[in-house]
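Work through the exercises below with the model open. Each task is followed by a worked solution.

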Amino acid sequence: MVGLHDAGSRDLRLPPGQRPQAAWPVLHYGPVPRFKPERWDFQVYGATVDGAKHSWDYAEFQELPRGRVTADMHCVTKFSLLDNEWAGVLARTVLELAPPAPDATHAMVWAEYGYSANLRVADLAADASILATHRGGEQLTPEHGFPLRLVVPHLYAWKGPKWVRAIEYLTADRRGFWEERGYHTIGDPWREQRYSYQED
Ligand SMILES: Nc1nc2c(c(=O)[nH]1)N[C@H]1C(S)=C(S)[C@@H](COP(=O)(O)O)O[C@H]1N2
Ligand SMILES: [Mo]
């Protein structure tokens, strides 16, 4: 109902500066990796509570308890995709199966070809953080991250690597791919934390 609103009003469901987008765009840096099931694994390493590296091959990962999340996705380029129904393995489940050490504060989430994004462990532990295999009841396509992508709805979408392969627990923050290239180390869209120059 454009026109009935004041110029300054906005949809309070959207973080500041975002606009809704109807179609699901494909957005990423670099090529789409080819999935090789016999080579795929998912690893958790770094500052784990037992000091060990944990890993699941593709078949083992399929056996993990599954969950669902409905959430909006906010890209730092200012589009938001509303009401996505994600299904997969809750990030919290992986945190329980391969817990971080007490002094692990952050995590680097690694994807194919070295893409990475840093998060706080608390971001991964959030109810809606999910390692997604499906959206809207359909398996992810290769362009959208098949076989697995992280979704952290309360942060900008670059914090959710497509083609995710590992979580590395860290005892201090360390910048990931976009965070090294001028983007915010936290990336909370509600606080419009887009760029590193906004960090205190
Ligand atoms: N591996 C990888 N994951 C990525 C990216 C990327 O460049 N590489 N881009 C991120 C960004 S900026 C966005 S907005 C979303 C886009 O997801 P989509 O292509 O499924 O819409 O993926 C995120 N995950
Ligand atoms: Mo994005």
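**Exercise 1.** Classify the shell around ligand 1 by residue class.

Solution. The shell divides into 13 nonpolar, three polar and two charged residues. Here Ala, Val, Leu, Ile, Met, Phe, Trp, Tyr, Cys and Pro count as nonpolar, Asp, Glu, Lys and Arg as charged, and the others, Gly among them, as polar. This is a predicted model, in which local features need pLDDT of at least 70 and side-chain atom pairs pLDDT 80 or more, while totals for chains, interfaces and linings use all residues. Residues are numbered from 1 along each chain as its sequence is written, chains are lettered from A and ligands numbered from 1 in the order written, and side-chain values use heavy atoms, without hydrogens and water.

**Exercise 2.** Find polar contacts (pairs of N or O atoms within 3.5 Å) of ligand 1.

Solution. Start with the oxygen atoms: a polar side-chain atom of Lys162 lies 2.5 Å from one oxygen atom of ligand 1, and a backbone N or O atom of Tyr29 lies 2.7 Å from an oxygen atom of ligand 1. Next, a polar backbone atom of Gly160 is 2.9 Å from a nitrogen atom of the ligand.

**Exercise 3.** Which strands each supply at least two residues of the lining of the largest cavity?

Solution. They are strand S4 (67-74) and strand S10 (149-151). The lining includes Asp72, Met73 and His74, as well as Arg149, Leu150 and Val151. By class, this lining has seven nonpolar, two polar and two charged residues.

Terms used: Polar contact = N/O pair within 3.5 Å; in protein donor to acceptor, adjacent residues only side chain to side chain. 1 Å grid on protein atoms, 1.4 Å probe; cavity = no way out; pocket = protein on both sides within 12 Å on 5 of 7 lines; lining within 4 Å. Helix = DSSP H or I, 4+ residues; strand = E, 2+ residues; numbered from the N terminus.
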